[in-house]
Amino acid sequence: MKKIFAASIIFFLSAHNVFPGPDDIQLTAGGTAQIFQNRFVKEKDQSKSDIFLTGTYKGFAGFAEKRNERTLGSALYKNEFFYLSAGHRYKPVPGFYLLRDPDFYSAFSNPKSGIVPQPLVESAWLGIFPDKWSGGIFFGKNLAEKRAGIYLKSPLDIAAVTYSPETKSGYFSLNLRNFQLSKGKGEPEFTLNSEVMGTKRNYIGQFNSKSILPKQGIEAELSVYREENGKLFATSLDNFSSENSSVVKFLKLSRYHYDRLEIFESKSNSMTERILGLNASLLSGNYGGACIRGRVYENKLLSGSENSGTPAVGAGGISYEYRLKSTEFYLGGELRQNKDRIGELKFTIKPDPEWKFEISSIVQAERNKLRSLFEQWSDGENINTILTDRTSIFKIKAITPFIIFNISGSRKKDGRGEIYFANIQFKFDF
């Protein structure tokens with residue numbers, strides 16, 4: 001793989017015999033600072049940094065960076081017939097999880113304000129017709145080191161698939177954004193995003209879809225994912241769910257947002273947890289809605305071939321909610337039959353397609369017996385709902401064209417300590 005990398009650098013430097021002028025080159029500089037504090041984490045793992053410089057010229061791109069103590073380089077050449085890349089940043093296949101560096105991620109994924117490629121482990125790619133139905137071979141660390149893997153992707157990066165004969169590991173992605181059956185306002189809209197990676201027995205993956213009927217005010221959301229040892233929730237080192245493995249299904253049906261039905265199920269090796277919820281507005285208007293909520297919680301413990309669990313627990317809650325386009329506010333509380341108590345806060349505002357600010361928090365009584373629902377980023381753009389027993393969580397996320405930060409703090413149950421995490425990324429185009 002190193003020989004392929006060296007050959008690609010030589011090809012990158014010699015493939016074009018015209019010396020570029022300063023106006024032909026687009027340069028971006030930036031970096032990442034990451035801090036993770038917990039009494040169980042070694043000091044050397046508490047902070048990470050990445051400083052980079054990247055440039056493009058016609059079909060060429062180069063990426064130089066210092067990722068912690070490692071100095072890394074990446075190169076890319078692409079035209080209408082061929083794709084060639086090597087290093088730690090470029091790949092022709094869309095998606096977040098394939099060959100990603102588990103210790104880093106890039107939150108710059110907005111095509112309008114510019115993309116910083118996702119940090120990868122060492123890989124090399126060779127393909128044909130990159131803007132059409134494209135295919136080729138690749139090598140990648142811990143995936144396809146001795147034998148080449150193969151890949152195939154569709155135009156517009158809607159679908160992609162890879163397979164490594166060496167590790168018998170596959171990858172699949174599908175991305176349909178804001179697809180309309182017919183053009184025009186008020187028409188049904190459909191969004192689907194899915195990624196699956198791994199082997200038949202050991203894999204992670206997610207499926208998120210949303211259907212909107214604007215004229216009727218109806219929305220339907222379906223989320224299914226399989227988590228394995230914190231690999232799915234990769235944008236933060238703090239895994240609020242604290243489960244080694246689980247399969248989760250979440251269905252939400254709503255009309256004008258405030259009236260909605262929610263069905264949630266999480267199945268792990270030791271337990272199945274289900275939640276059925278109904279939310280209704282008592283009073284709603286231009287300034288939001290005053291709502292009531294009812295839920296039923298059911299836990300079933302799995303012990304060998306015998307099943308045991310606790311009786312279903314009912315819960316009631318009140319909330320004030322406001323939603324207008326991409327602006328959302330939620331403040332509510334819930335009391336359960338078993339005396340469990342929770343409080344929740346969420347605020348999201350998106351004044352511009354390239355700007356977003358989000359706050360989310362949950363507070364639970366120390367003696368709570370049942371876990372509660374909480375939203376967690378699973379990659380750079382998708383949010384999946386998890387179950388958490390943290391007594392408190394507070395998160396802030398801000399996205400702009402030049403700086404992005406994600407800051408969270410949480411407290412574990414039974415006095416097991418606090419966890420603090422911060423990831424700040426910046427970039428400048430010149």
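Reply: Start with accessibility: buried means under 20% relative accessible area, exposed over 50%, and partly exposed in between (1.4 Å probe, protein chains only). The model is predicted, so local features need pLDDT of at least 70 and side-chain atom pairs count only at pLDDT 80 or more, while totals for chains, interfaces and linings use all residues. Residues are numbered from 1 along each chain as its sequence is written, and side-chain values use heavy atoms, with hydrogens and water left out.

Me: Why is D157 called partly exposed?

Reply: D157 has 33% relative accessibility. That value lies between the 20% and 50% limits, so D157 counts as partly exposed.

Me: Why is K153 called buried?

Reply: K153 has 5% relative accessibility, which is under 20%, so the label is buried. K427, at 4%, is buried by that rule.

Me: What makes K153 and D157 a salt bridge?

Reply: A salt bridge is a side-chain nitrogen of Lys or Arg within 4 Å of a carboxyl oxygen of Asp or Glu. For K153 and D157 the N to O distance is 2.9 Å, so the pair qualifies. D429 and K427 qualify at 3.2 Å. The whole structure has 24 salt bridges.

Me: What makes E273 and R371 a salt bridge, and which parts of the chain does the pair link?

Reply: The closest N and O atoms of E273 and R371 are 2.6 Å apart, which is within 4 Å and therefore meets the definition. The pair links distant parts of the chain, 98 residues apart: E273 is in strand β18 (residues 271–285) and R371 in the loop between β23 and β24. Both residues are buried.

Me: How do you know that β3 and β4 pair?

Reply: Strands are DSSP runs of E, at least two residues, numbered from the N terminus, and two strands pair if DSSP finds at least two bridges between them. Strand β3 (residues 60–67) and strand β4 (residues 70–78) have eight bridges, in the antiparallel sense, so they pair. A61 stands opposite L76 in β4. In the hairpin of β3 and β4, with two residues between the strands, N68 takes a positive phi near 60°.

Me: What makes β4 and β5 a pair?

Reply: Four bridges join β4 to strand β5 (residues 82–87), and these strands run antiparallel. The definition asks for at least two, so they pair. A75 stands opposite A86 in β5, and the hairpin of β4 and β5 has three residues between the strands.
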